[in-house]
Amino acid sequence: MAKPKVATASLAGCFGCHMSVLDIDERILKLVELVEFNKSPINDIKKFTDRCAVGLIEGGCCNEENVRVLQDFRKNCDVLISVGECAIMGGIPALRNNIPLKECLDEAYLNGPTVYNPAKRIPGDQEIPLLLNRVYPCHEVVKMDYHLPGCPPPADTIWEALVALLTGKPLKLSYELIKYD
Amino acid sequence: MSATFTFTIDGKEIKASPGQTIMEAAEAAGVYIPRLCYSKDLRPHGSCRVCTCMVNGRPQAACTQPAAAGMVVDNNTDEIQAIRRDLVDMLFVDGNHFCPFCEKSGNCELQAMAYRLGITAPRFPYLWPERSVDASHPEVFIDRNRCILCGRCVNASKDIDGKNVFQFVGRGEHKRVAVNAEALAADTDLKGADRASMVCPVGAIVLKYKGYATPIGRRIYDQKPIGSEIESRRK
């Protein structure tokens with residue numbers, strides 16, 4: 001039987017949650033026995049080549065590209081998991097959520113105390129994904145099946161969740177494994 | 001005469017004396033009723049409703065409802081826990097709660113309640129309200145983004161400190177904790193050692209220069225759920 005496939009993505013996150021995936025230490029050898037990685041920054045596969053059993057999403061949606069990637073994951077993954085506070089509630093990027101977008105850009109590119117920008121230009125190249133009006137948690141954009149909180153979620157939390165899902169057991173996290181920080 | 005009487009919580013017989021609330025009698029018997037706004041040394045406020053129990057089939061706040069002989073109280077049922085989960089979910093989306101960098105994290109009663117209820121993400125859309133901070137005071141920092149309007153600071157300042165530093169102003173979604181006379185905290189006689197500066201269940205009123213003093217793993221709710229200290233007294 002072919003191994004189930006896992007895909008991962010970092011949207012508006014810091015890659016800390018991906019670091020936490022690597023933090024499962026030598027269990028990563030068992031994980032490689034258990035699954036095959038598809039689209040993921042871990043192996044640098046850019047496009048889905050097959051349907052995946054599990055998709056791990058780090059970070060919320062702060063721009064249109066994040067939304068497209070997230071929708072692509074929803075289409076290609078059976079089970080989609082929000083990993084970490086940014087995916088669940090927006091996290092640090094969501095600190096801008098009650099400040100109008102224009103004010104944020106003006107502060108970053110025009111008015112900030114350390115800004116040097118003689119052309120007074122705010123980046124607007126077509127190659128740059130458009131920012132959303134605010135940062136959205138993943139479950140406000142597509143349906144998410146599970147949430148693993150933490151900043152980052154402990155490696156044990158990610159491990160327990162993956163093993164439970166891939167072996168068809170119910171996902172029950174103990175008290176120590178649900179933490180928001 | 002202060003004759004004791006009994007009532008039941010989840011079928012277990014509980015002893016109580018006249019004047020005791022359901023919460024007080026339960027606590028003395030080692031039964032934990034989840035709560036957020038209630039604090040032992042303060043007048044019960046009954047605002048958070050997390051201590052809601054079914055009392056003879058009707059929802060009542062256990063912190064304000066006096067115990068009575070023969071009362072039948074349901075506390076730890078699926079129905080009540082679902083109500084509590086909804087309440088805590090709403091508190092999370094109604095403010096701006098950034099647990100990862102909050103200095104109260106690990107010692108926060110709201111967060112601990114969510115842990116106890118097994119909440120991994122709130123089920124309601126985030127509201128991202130605009131709230132103010134007040135960093136004017138030399139010892140105390142006020143961040144209304146994290147306030148759950150429990151009223152502990154208001155009652156502590158009035159009843160224990162005798163100062164009346166905090167009040168509620170506004171109604172409904174505009175309700176907020178204000179300091180005396182539309183002023184900044186620095187303009188009041190609030191002190192860091194006041195009870196009002198220390199009773200906040202969340203990170204809305206915190207003492208300056210004390211943040212992150214306890215390492216992760218040794219904070220109050222890192223290992224054991226909120227309420228386990230009461231449950232451990234249960235015979």
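**Two chains, piece by piece**

Just after helix α6 of chain A, G168(A) takes a positive phi of about 70 degrees. (Helices here are DSSP runs of H or I with at least four residues, strands are runs of E with at least two, and both are numbered from the N terminus.) This is a predicted model, so local features need pLDDT of at least 70 and side-chain atom pairs count only at pLDDT 80 or more, while totals for chains, interfaces and linings use all residues. Residues are numbered from 1 along each chain as its sequence is written, and chains are lettered from A and ligands numbered from 1 in the order in which they are written.

Back to the helix itself. α6(A) covers residues 155–166, and its end C-alpha atoms are 16 Å apart, which agrees with the 16 Å that its twelve residues should span at 1.5 Å a residue; the expected span is 1.5 Å times one less than the number of residues. Its buried residues are T157(A), I158(A), W159(A), A161(A), L162(A) and L165(A). A residue counts as buried if 20 or more other C-beta atoms lie within 10 Å of its own, exposed if 12 or fewer, and partly exposed in between, with C-beta atoms placed from the backbone. The cover over these residues includes α1 (16–22), α2 (27–34), β3 (52–58), β5 (77–83) and β7 (146–148) of chain A. In the loop between β7 and α6 of chain A sits P152(A), and the peptide bond joining C151(A) to P152(A) is cis, with omega about -5 degrees.

Most residues other than glycine have a negative phi, and most peptide bonds are trans. F15(A), not a glycine, has a positive phi of about 75 degrees; it is found in the loop between β1 (5–10) and α1 of chain A and is partly exposed, with 13 other C-beta atoms within 10 Å. K120(A), also not a glycine, has a positive phi of about 55 degrees. K120(A) belongs to the loop between α5 (101–111) and β6 (131–136) of chain A, and is exposed, with 8 other C-beta atoms within 10 Å.

Chain B has six helices and ten strands. Its radius of gyration is 18 Å, in agreement with the value near 18 Å for a compact globule of 235 residues; this radius is taken over C-alpha atoms, and the globule rule is 2.2 Å times the number of residues to the power 0.38. Along its principal axes the C-alpha trace spans about 50 × 40 × 35 Å, and 42% of the 235 residues in chain B are buried.

An automatic or database assignment supplies the domain bounds: in chain B, domain 1 is 5–76 and domain 2 is 85–210. The centres of these two domains of chain B, taken over C-alpha atoms, are 25 Å apart. Twelve residues of domain 1 of chain B are in contact with 17 residues of domain 2 of chain B, and the domain 1 side of that contact divides into six nonpolar, three polar and three charged residues.

Helix α3 of chain B (109–116) has eight of its eight residues buried, so it is largely enclosed by the rest of the structure. These buried residues pack against α2 (78–94) and α5 (220–223) of chain B. G118(B) follows α3(B) and has a positive phi, near 70 degrees.

As for strands, chain B has an open, antiparallel sheet of three, in the order β6-β7-β10; strands pair if DSSP finds at least two bridges between them. β6 (133–134) and β10 (205–207) of chain B stand at the edges with a single partner strand each, so one side of each lacks a neighbour in the sheet. L207(B), in β10 of chain B, is partly exposed, with 17 other C-beta atoms within 10 Å.

Conventions:
Contact = placed C-beta atoms within 7 Å. Nonpolar A, V, L, I, M, F, W, Y, C, P; charged D, E, K, R; others polar.
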